[in-house]
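Here is a short tour of one protein model, with an eye on its rings and strands. Have the structure open beside you as you read.

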Amino acid sequence: MSKKVYYRYNPATDGYERVYPTRAQELWGKARHVLFASMTCTVIVAAIYYMWETPREKILRKQNAALRERLDILGRRLDASAEVMDDIITRDDNFYRVMMGAPRLSASELDALTGTHDEYARIGTLSDAELISMLSRKMDLVEEQLAVQSRSFDELRRLASTNSDRIQHIPSIQPLRSESMKRMASGYGYRSDPVYGTSRFHEGLDFASDIGTPVYATARGRVVKAEWESGYGNMVEIDHGYDYVTRYAHLSKFNVRAGDVVGRGDVVGAVGNTGKSTGSHLHYEVRYKDTPQNPINYYFMDITPEEYNELIRMAENAGHVMD
């Protein structure tokens, strides 16, 4: 590269004379070229760094994405486990302890068993460190719940061993065999009335089944009614003692009479379509101290956990009553 040459006009000689730079000017000129070249190289290197990944960086990025996905899945599984624990805790305190006549859980025990599981609404905004911290808190909560619940079940098992007669009188099986049920027609709670179209509280479960299907007593007890009852049609009512009563409605026939003593699993009647009914089905109620209970909690003796979960799903999705 040729060096630039500068000239300056001299009026005294009426000519141009060459201008020679000073030593400082020469140094500054060289330094300026070096600085410009350095900045240019820095920009080029930075562009390459941010725009192009090395093979190792590509592998690390894929590994990080896979790890993040696994953390998300783990978090959702923990949420599902926590929801199952919440259901177990509720049934333990509101049903099993009542059934065994055991004291309810204390406030401190309930505090240890409660937690929130709605943090996934903001999962996309969490950093990896925040996500790991959240999962650790959930894991600690579930482990604490398991420890407290394990102690509670140990206590209930001890009570069960000394309350065998009470257990025989508590409803604990399905009133129909699983293979006889076509579908869950209606669950427990507020449902739409098929006749009046209004919302009302449904105090039992409706099981759609063929007319003539055997209906079974769900615990030992004495038949107090086997007759026509307004709205219920042909109904059997059994007093099991210990403040428990069950009702079996819309029957096509009776197999028992008032005053009969029945055992768990005895046939008390057959599915029908009598009374206020829109199709052949069994309406089944469990009452404790004359207060309706959710029968879904009273099948703990004859169905598997998988069948129980399916029954819960069916009950939640059944929105219309048949009576």
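Two aromatic rings, from Phe, Tyr or Trp, count as a pair if their centres lie within 6.5 Å. With that in mind, take a look at this predicted model, where Y244, Y288 and Y298 form one aromatic cluster.

**Aromatic pairs**

How many aromatic pairs does a search of the whole structure find? The answer is three. Such a pair is described by the distance of the ring centres and the angle of the planes. Two of the pairs are set out here, including their geometry.

| Pair | Centre to centre | Angle between planes | Type |
|---|---|---|---|
| Y244 and Y298 | 6.0 Å | 70 degrees | edge-to-face |
| Y248 and Y284 | 5.4 Å | 40 degrees | tilted |

Let us start with Y244 and Y298. Y244 belongs to strand β10 (residues 244-249), while Y298 sits in the loop between β15 (291-293) and α6 (305-317), so their pairing ties together parts that are 54 residues apart in sequence. Y244 has a relative accessible area of 0% and is buried. Y298 also counts as buried, at 2% relative accessibility.

Next come Y248 and Y284. Y248 is in strand β10 and Y284 in strand β14 (residues 281-288), so this pair ties together parts that are 36 residues apart in sequence. Are these two tyrosines buried or exposed? Both Y248 and Y284 are buried.

**Around T218**

Y284 also leads us to T218, as a polar contact of 2.9 Å joins the side chains of T218 and Y284. T218 is found in the loop between β7 and β8 (221-229), and it is buried, with a relative accessible area of 0%.

Strands of a sheet pair through backbone hydrogen bonds, either parallel or antiparallel.

What joins β11 to strand β13 (residues 267-271)? Three bridges do, and the two strands run antiparallel. Within this pairing, L251 stands opposite V271 in β13.

Terms used: Residues are numbered from 1 along each chain as its sequence is written. This is a predicted model: local features need pLDDT of at least 70, side-chain atom pairs count only at pLDDT 80 or more; totals for chains, interfaces and linings use all residues. Side-chain values use heavy atoms; hydrogens and water are left out. Two strands pair if DSSP finds at least two bridges between them. Helices (H or I, at least four residues) and strands (E, at least two) are DSSP runs, numbered from the N terminus. Rings of Phe, Tyr and Trp (its six-membered ring) pair if their centres lie within 6.5 Å; planes under 30 degrees apart count as stacked, over 60 as edge-to-face and the rest as tilted. Buried means under 20% relative accessible area, exposed over 50%, partly exposed in between (1.4 Å probe, protein chains only). A polar contact is a pair of N or O atoms within 3.5 Å; within protein, one must be able to donate a hydrogen and the other to accept it, and residues adjacent in sequence count only if both atoms are side-chain atoms.
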